[in-house]
Amino acid sequence: MARGRIARRAGAVLLAVVTAWGTASCSVIPTGGKSVVSVDDERKGDQLGDPYARVIAMRPKPGWSPEEVVTGFRAAMASLDDPGFGIAREYLAADFAAKWNPGSGVTVYRQGAYERFAPLRTEDRQAQVTLKGTKVATIDPDGRYRPGGGPLNEPFTLSMQAGGEWRISSAPDGLLLSEADVARGYLPVDLYFLDARRKALVADQVRVPIDPGANFAKTTVERLLRGPSSSLKDAVRTAFTGVGLLDVTTENNRVVVDLDDRVPADLIDPMSAQLAATLSALTKGGLGFEVKVNGESYHPDAPLRIDAQKQSSFDSWLAPGTVEPFYLSGGGLRLLGKENTGQPVPGRAGQKQQGDHPPAISGEAERQVAELSQERTDISVAPIAAGGEWRIWVTGHSLAPPAWDRYHTLWVVDRPNDHTSVVSRYESGGKRHYRVQAPDLETVFVKSLKVARDGVHVAVIVKDGLGEQVQVGTVIGEKERTRITNLQTVVHSEAGRKIEDIAWNDGRTLYVLTGTSELLEASVAAEPVSLGTGSRIKSITALDGRLLAGAENEQGERQVFYWTSTKWEPLVKHEDGSTDFVENGPSFPVFPLD
């Protein structure tokens, strides 16, 4: 039997040079001009991750200037080999060392430089050194990464100690790390939890500090067992309640997770899906998994082995396979078929559309389509089936386009005026509906709302006095207890910029279309990235890496396009085999649950 601990990652020897003032943005240690970023060859051949480099903390040296002391302290904060920050505290005066709390969070910055307001005199007993730069993000104690810019202006006060050495007597709480420090010492991880019904997997994007004393798979599972970050608290569940981790090893080409107890029988399948989804990104060779308890087989008579893609069979929307899009054309709803040609769907929806707005397609096997009327005063729903008829589900003042969730409920936003929005959920053919508690949305104009396919993440286009922006939050509770909380802006408003459309790719990433047809990729864990522009793009839809758009030319003719990762190309073929723009042509493409 081949058995062994998962190897540590390998890194190369790196040398860095700093000046006496330590103005470099990366954390290094002044030792006569040079410092060494360490090597760890034990991680070579690790199947669960990439090599990494780390900074070794150095104790303060006699005669260091205030700037050198602050530089050494910054480097010690970034050291992976001193998880208790014992060496970092040696740079602090005794009183402050007892108060400093490195666990209160991380401030991430770039372009660090020191500033001192007055030259240091021989008789001075205090000095102040200010680190200036640009703040780019924070990392919460639970690992939640929050992008956010602004100036960095962090003062460090130093006092001369009895031995004639400078020590820090006041400094920002928490850790102050450069982007290079974070890239070296933290890895982005998607932890997977369960929705409230324990039927879907929900990604929690966090940053996990590397522990040189453990393989990263073990560190990741330990973090998974601690539960979700604050952004998903109360919105998700876990199969691991009351269960601890003993070790993560490799055995017979499997990743073996050794727990200290079993979960209830009805949670074995959800637990297996959580593990496979969380660790699949680390098992680059497609390793399978096995769960043991106290080193023994999980079941008395058989091992508990988990397929490498268990998460896909547990939650089909994680890897939906071939799901064809729908679109509007020629007065009705069509389904894109073979050779990129479309056919009218059965029922009334394939013959008559209710308005010139994006439709919404439900996710169940017997799909339904919801459409907003031209006047925006009602929403009708029709089964996509033979004999399916339109029926009004919702009436209102000024309705936003509807959106389905994976639980077959319809989300609706009504705007009685330009600064009020009311969010509701409709089910059972529109016979029952519940108002959603969303206090942060009640005093703004919600232009669009989309629920991710995990049923928990929600995105909104919000229009307020600052302009139009995109926010992402979480859905908590069901029926009349439903509420939207933890809203975080992922695309900030800019003067004159409009947001035309949003589309979830998965539960982690969101595509955003601006009024200038610029395409952005947004996430709660990163700044938005521009993917390009297309001057004719009017709407977007996405699913599992496929991104489609409705486009319109100067003559008002229409066509559906697909994104190649670098440019837009026409998609729908007409009867003559062409893909030209045509009058009353293909428009508003939509995947189910978008």
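**Pocket and cavity linings**

Sixteen nonpolar, six polar and eight charged residues make up the lining of the second largest pocket (nonpolar: Ala, Val, Leu, Ile, Met, Phe, Trp, Tyr, Cys and Pro; charged: Asp, Glu, Lys and Arg; polar: the others, Gly among them). The model is predicted: local features need pLDDT of at least 70 and side-chain atom pairs 80 or more, while totals for chains, interfaces and linings use all residues. Residues are numbered from 1 along each chain as its sequence is written, and side-chain values use heavy atoms, without hydrogens or water.

This pocket (an open set of points on a 1 Å grid, with protein on both sides within 12 Å along at least five of seven lines; lining residues have an atom within 4 Å of a point) holds about 620 Å³ of space (volume filled by probe spheres set on the points, joined across faces, edges and corners). Phe85, Leu175, Tyr186, Val208 and Pro209 are the closest to its centre among 30 lining residues. At least two residues each come from β10 (175-178), α4 (179-185), β12 (201-209) and α5 (216-225) (DSSP runs numbered from the N terminus: helices, H or I, at least four residues; strands, E, at least two).

Two cavities reach 30 Å³ or more (points where a 1.4 Å probe fits but cannot get out). Of its 14 lining residues, Arg144, Ser231, His457, Thr474 and Val524 are the closest to the centre. Strands β12, β31 (467-476) and β32 (483-491) each give two or more residues. Five lining residues are nonpolar, seven polar and two charged.

The second largest cavity has about 60 Å³. Its lining includes Pro147, Gln488, His492 and Glu527. Here β32 and β36 (526-533) give two or more residues.
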